[in-house]
Every structure is written in structure tokens, then in C-alpha cells.
Amino acid sequence: MTPTIIGSDDTYTQIVPSGISMTKTGPVDALIYETITYTFEVVNTGQVDLNGVFITDALFGSGWSKDIGDLPVGARKSFTVNYTVKPSDPSPLVNTALVTGYTPYSGTVSGVAQCTVKLPGKPSWLPNATT
């Protein structure tokens with residue numbers, strides 16, 4: 001994408017596009033009390049470096065966040081997080097993570113990623129069970 005230049009007379013401001021994307025992957029299915037691994041990958045898709053990038057994901061607890069730090073243009077960072085499936089988890093277990101970063105120009109960029117894990121062995125008598 002080509003930057004847009006806005007100006008009049010001798011004053012010009014260059015608007016540089018910023019962007020961020022994230023993927024979150026996990027197993028297709030899992031059993032109750034099984035520990036599963038989610039993999040996150042965050043990519044700076046814009047044309048400006050990002051600062052203070054972090055992820056929040058309610059599945060891992062209220063207030064949970066992962067600090068990614070700075071993310072230069074085109075850079076990607078990956079990491080994994082383990083989660084133990086609880087009897088109270090719904091089937092399918094669907095959750096969404098949010099990534100947020102800041103541009104040098106006081107702007108904010110964000111993106112979301114969702115992952116669904118089926119809990120096929122969950123008995124119907126457990127709370128929140130679906131068939």
C-alpha cells in the first residue's frame with residue numbers, strides 16, 4: 001500500500017498505514033482435564049513499527065495478558081500457552097483473543113483471533129454441556 005500524502009502550500013503530512021494481525025490455533029478436539037496447547041502468532045502488517053504490543057484472552061483468566069513488546073514492520077512473534085479443559089467449559093470451547101499495539105504517532109491498532117475446540121467426550125449431565 002502506498003502512503004497517502006495530504007498537503008497544502010508547503011506543508012505536507014504523510015499518513016503511513018499501520019496494521020496488525022494475529023492467528024490462534026489449537027487442537028480440533030480435547031477431553032475434559034486434558035491440557036491443550038494454543039499457539040499464537042502476531043504479525044505487524046503495517047508500514048510503521050509498533051510499540052507495547054500485548055494480547056488479552058479471557059479463557060486464561062480475568063486480567064491475563066501477554067506482553068509481546070515492540071514489533072518492527074513485517075516482524076512476527078509466536079508463542080504458546082497451555083490450558084487445561086474444565087468440566088464447566090462449553091462444547092464447543094470457543095474463545096477470542098485480542099491483540100493491541102501502539103504506533104509512534106499515538107495511534108492504536110488491534111486485531112482478533114478465534115479458536116474453536118470440540119469437547120466430544122463431554123457427558124450431557126455436566127454443566128454447560130451441549131450435544
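Biologist: Hi! Which kind of link do the side chains of Lys24 and Asp57 meet in?

Modeller: Hello! This is a predicted model, and in it the side chains of Lys24 and Asp57 meet in a salt bridge, with 2.6 Å from N to O. Lys24 lies in strand β3 and Asp57 in strand β5, so the pair ties together parts that are 33 residues apart in sequence.

Biologist: Why can two side chains pair like that?

Modeller: Side chains of opposite charge can pair when their charged atoms come close.

Biologist: And is Lys24 buried or exposed?

Modeller: Lys24 is buried, with a relative accessible area of 5%. The cut-off for buried is under 20%.

Biologist: How many salt bridges turn up in the whole structure?

Modeller: A search of the whole structure finds two.

Biologist: How exposed are Glu41 and Arg76?

Modeller: Glu41 is partly exposed, with a relative accessible area of 25%. Arg76 counts as exposed, at 51% relative accessibility.

Biologist: Let's go back to Asp57. What stands opposite Asp57 in β8?

Modeller: That would be Ala97. The strands β5 and β8 run antiparallel, and five bridges join them.

Biologist: Which sheet do those strands belong to, and in what order?

Modeller: They are part of an open sheet of four strands, in the order β6-β5-β8-β9, with antiparallel pairing. The edge strands are β6 and β9, and each of them pairs on one side only. From one strand to the next, the twist averages 20°.

Biologist: Now the inside. Which residues touch the most other members of the largest nonpolar core?

Modeller: That core has 26 residues, and the ones touching the most other members are Met22, Tyr38, Phe40, Val42, Val53, Ile55 and Val117. Several strands supply at least two residues each: β3 (20–25), β4 (35–44), β5 (50–57), β6 (65–71), β7 (76–84), β8 (93–102) and β9 (108–117).

Biologist: Pick one for me. What is Val53 in contact with?

Modeller: Leaving aside neighbours within four places in sequence, the contacts of Val53 include Ile20, Val42, Ile68, Leu71 and Val99. Lys66, Asp67, Gly69, Thr100 and Gly101 are also in contact with Val53.

Biologist: Changing topic to the backbone: which residues does a cis peptide bond join?

Modeller: The cis bond joins Ser91 and Pro92, with omega about 5°. Pro92 lies in the loop between β7 and β8.

Biologist: Then where is Tyr33, and what is its phi?

Modeller: Tyr33 sits in the loop between β3 and β4. Its phi is positive, about 75°, although Tyr33 is not a glycine. Tyr33 is exposed, with a relative accessible area of 59%.

Biologist: And what about the phi of Ser106?

Modeller: Ser106 has a positive phi too, about 65°, and it is not a glycine. You can find Ser106 in the loop between β8 and β9. At 72% relative accessibility, Ser106 counts as exposed.

Conventions:
Residues numbered from 1 in each chain as written. Predicted model: local features only at pLDDT ≥ 70, side-chain atom pairs only at ≥ 80, totals over all residues. Heavy atoms only, no water. Core = buried A, V, L, I, M, F, W, Y, C linked by side-chain atoms within 4.5 Å. Buried < 20%, exposed > 50% of the residue type's maximum accessible area, 1.4 Å probe, protein only. Contact = heavy atoms within 4.5 Å. Salt bridge = Lys/Arg side-chain N within 4 Å of Asp/Glu carboxyl O. Pairing = 2+ DSSP bridges. Axes fitted to C-alpha atoms, helices over the stretch in contact; angles between N-to-C directions.
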